[in-house]
Amino acid sequence: DGEFIIRDVHDNMPEPKQAYNTVSTMVRILDSKGFLTHKTYGHTNVYMAAVTKDEYTGRFMQGVLNSFCGGSVIRLVTFFSDNKNLSVKEADEIINMLNKK
């Protein structure tokens with residue numbers, strides 16, 4: 001059902017594990033930012049995702065676009081074109097996607 005407690009996250013981390021308190025802080029930050037939600041049972045919070053993976057990716061990419069490209073999609077595409085050696089096929093796919101919008 002996608003519910004978890006902080007101990008679940010900590011126990012499933014690869015070695016070397018972060019400190020339990022570090023994991024707890026990160027989970028609480030994600031909760032406060034609206035990426036997670038929780039229910040409280042006694043002294044235990046049970047967390048679950050509040051957004052889908054696609055919603056999270058969209059928010060993340062919007063942040064990247066705003067922070068590093070001044071909100072300009074052209075600057076983002078230029079960055080990838082200059083630094084990733086964007087192929088003609090990939091450039092054509094981007095143009096086709098834009099034309100469909």
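## A cluster of rings

Ring pairs join F35, Y56 and F60 into a cluster. The model is predicted. Searching the whole structure turns up three aromatic pairs. One of them is F35 with Y56, an edge-to-face pair. Its centres lie 5.2 Å apart, and 70 degrees separate the planes.

This pair links distant parts of the chain. F35 sits in the loop between α2 (20–32) and β1 (36–41). Y56 belongs to helix α3, residues 53–69.

## The stacked pair

How are the rings of Y56 and F60 arranged? They are stacked, because their planes are at 20 degrees and the cut-off for stacking is under 30 degrees. The ring centres of Y56 and F60 are 6.4 Å apart, and pairing requires centres within 6.5 Å.

Both residues are in helix α3. Y56 and F60 are four residues apart there, so about one helical turn separates them.

Y56 counts as partly exposed, at 39% relative accessibility. F60 also counts as partly exposed, with 47%. The partly exposed range ends where exposed begins, over 50%.

Technical notes. Residues numbered from 1 in each chain as written. Predicted model: local features only at pLDDT ≥ 70, side-chain atom pairs only at ≥ 80, totals over all residues. Heavy atoms only, no water. Phe/Tyr/Trp six-rings, centres within 6.5 Å; stacked < 30°, edge-to-face > 60°. Helix = DSSP H or I, 4+ residues; strand = E, 2+ residues; numbered from the N terminus. Buried < 20%, exposed > 50% of the residue type's maximum accessible area, 1.4 Å probe, protein only.
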